[in-house]
Structure formats: structure tokens, C-alpha cells
Amino acid sequence: ISNKISDDFSTYEKLLSTQFSYLTPENAAKWGPVHPHEDTWNFGPLDKIVDFAEQHGMEVKGHALIWFMQLPQNDYLENLSDQEFSEAVKNHIFTLMGRYKGRIQAWDVVNEAIVVNGAHEADYGVSLRDNIFLQKMGEDYIEQVYRWAHQADPKAKLIYNDFGNEGLGEKSDQVYKLIAHLKSRKQPVAIHEVGMQMHLDASSYANPADIVANMRRLEDLGVTVNISELDVQLKNLSGSQAQKLAKQKQVYFDIVSTCVHEPACTAVTFWGFTDRHSWIDSWMGPDDPLLFDEDILPKPAYYGVRNAFLQ
Ligand code: XIL
């Protein structure tokens, strides 16, 4: 049965289009995959995803314009002067957002730029990750790329996305500071939403009450929030597989409930939907983190999410 399913696009198509309403490309819109060299664009895979969404009445969130990973493998970016690099970043944003204007409704503009005790403490009090954008454009690169993104598609929702920023703690304090900084510029920066990835481990994850408190303080700054890459690892739980799946259901219920009850939370997106295909297996070790099992049947986790939405 498994082999049959793996080749059967219509199984995926049906499930994806009936259970979900908001689609995010896992890799196809990242700089390396979509724009591997200065004048080389590989729009095919992203076109397919956006076409699919339109055919099925789904909205699309682009992921991610500016990220330190999955950049082009050659060193064309490294070899540019600072000035040329800025122009290349601007061109990347304008070309990619411009092509999908009106078809991709929201963008993760900057992904994972903040690190607690990071390499660079910016003047605006935020601890930044050392990456090529910081090196070549300086600590105001974040502000700059949001300004370009807003020019490229003034109607798009512009998001800052990160991990470990859902509860209350140093990382979410830093994200809060960044948003406050961007909002308080003389000419305020268009930044509309904060994404919380939430690649969770069922054996230890942020307290839902803290997540809600964090969502509310961001809302007070004038941004909305979303849960952007939800998956829940099981492998560190003890007990039988049935017990682990029951705990996973509870985690999904608790986490999705935070969003359902919080008016400032606009969406929950999952980093895949069947355990047949999850990045967790290769990055964190074999696991069953998603809503549907290897045979693409709904797991207890699926009912946890469903119950949360039906409240
Ligand atoms: C992951 C993809 O799922 C993998 O296929 C790829 O090899 C690496 O990136 N945070 C993010 C996502 O913002 O883009 C990452 O996606 C997972 C962690």
C-alpha cells in the first residue's frame, strides 16, 4: 500500500486541498533553489506550487527571502562588493516578489536573523546572527530588506520568522525588540507579522500560557502572529507508541488552541503533513512528527488539531 501511495499524486492533492487552505513552499522559494546564480532563475517548482494553490483556492506564504541557509552553492554572492551585494539582494527581492505579486499573499522576508548571545549586538539592542547579509550590508540590513519588500509588493503581508521565539524568554524578548525598533523608525518599516516556527519536542516545549502572553505583547506593538512550521517530535518521550501518539495529540491540541483563542494569530502552518515526508527524519533523527502517518491516514495528532479548531 505504501508504494502505491508514494506514486499517487492524487492522494496528496486531495488531502492537501481539502484539509488545508494556506500553502507554503518548503524549499522552492529559498534563494539557492529559486535563484542559484546571478542571472539564473529556477521558477518551475514554485510556479507549480502557486498554480496548485490557485486551482484549489488556497492562499500562499512565500518562504523565505533572506535567510543564511540554502543560499547559492557557488560563491557568486561572496565575491560581490558590498555595494554590488546590496543591489543583488534588492534585485532578488524585486524579481521574486514581483513575479508572484497578487498570487503570493504573504512573505517570510527575514528568517532566523536573531541569536541569543549572537555575534553582533546591534545599536538597537538586538543580538544578530553573523551572516553574509550582516557582513556586507551592516546591522540595518533587516530594515532595508523590509523597505524593499514593501516597495516590491505593497499589498503583501511581510513577516519576520524565527524559531524558539514562541514562549517568554531571551529569544522572544529579542524578537520583540526588533519589531519595536522597526516600528519606531522615523519612517516606520512595513512589518506586519511574526512567525513562530515551533518545531517542537513533545517532551519539552514552551508553556502555552507563555505563548499567549508573548502573542499579546507582539499584538500590542501592532503586529499579528502565526505558527509557521509546526511539527512535534516524539522520540524523546517514554512509553508505548500509543502513549506517545496520545501525548503528541495533546501537544498539538494545546499549541493550536493558543492560536485559535488569540485574535492576533492569523494562521497555523505545518512543516509537511505526512510522516512519509518530514525534514525531521533527516535533520533530527527518525520520528513521526506530523498529522498523517506513513500510509497517509490521520493520526491522533490530526484529531488534536481538529478539536482545537472546533472549539
Ligand atoms: C528545512 C527543509 O524542511 C529541509 O527540506 C531543508 O533541507 C532544510 O530546511 N527552519 C526553516 C525552514 O525556516 O526553512 C527549514 O526547512 C526548517 C527550519
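A residue is taken to be near a molecule or strand if one of its heavy atoms lies within 4 Å of it. By this criterion, 14 residues surround the ligand, and the closest are Glu-26, Lys-30, His-63, Glu-229 and Trp-271. The structure is a predicted model, in which local features need pLDDT of at least 70 and side-chain atom pairs count only at pLDDT 80 or more, while totals for chains, interfaces and linings use all residues. Residues are numbered from 1 along each chain as its sequence is written, and side-chain values use heavy atoms, with hydrogens and water left out.

Polar contacts are pairs of N or O atoms within 3.5 Å; within protein, one must be able to donate a hydrogen and the other to accept it, and residues adjacent in sequence count only if both atoms are side-chain atoms. For Glu-229, a side-chain N or O atom lies 2.8 Å from an oxygen atom of the ligand. Taken alone, the ligand exposes 410 Å², of which the protein buries 87% (Shrake-Rupley areas with a 1.4 Å probe; for residues, only the protein chains shown count as cover).

Turning to the aromatic rings, the structure holds 15 aromatic pairs (rings of Phe, Tyr and Trp, the last by its six-membered ring, with centres within 6.5 Å; planes under 30 degrees apart are stacked, over 60 edge-to-face, and the rest tilted). Tyr-12 and Phe-273 form an edge-to-face pair, at 6.1 Å centre to centre and 75° between the planes. Because Tyr-12 lies in helix α2 (residues 9-19) and Phe-273 in the loop between β10 (265-270) and α11 (279-284), this pair ties together parts 261 residues apart in sequence (helices are DSSP runs of H or I, at least four residues, and strands runs of E, at least two, numbered from the N terminus). Tyr-12 is buried, at a relative accessible area of 13%, and Phe-273 is buried at 13% (buried is under 20%, exposed over 50%, partly exposed in between, with a 1.4 Å probe and protein chains only). Trp-41 and Phe-43 are stacked, at 5.1 Å centre to centre and 15° between the planes; Trp-41 is partly exposed at 22%, whereas Phe-43 is buried at 14%.

Phe-43 also meets a charge: Arg-99 lies over its face, at 4.0 Å from the ring centre (NZ of Lys or CZ of Arg within 6 Å of the ring centre and within 35 degrees of the ring normal).
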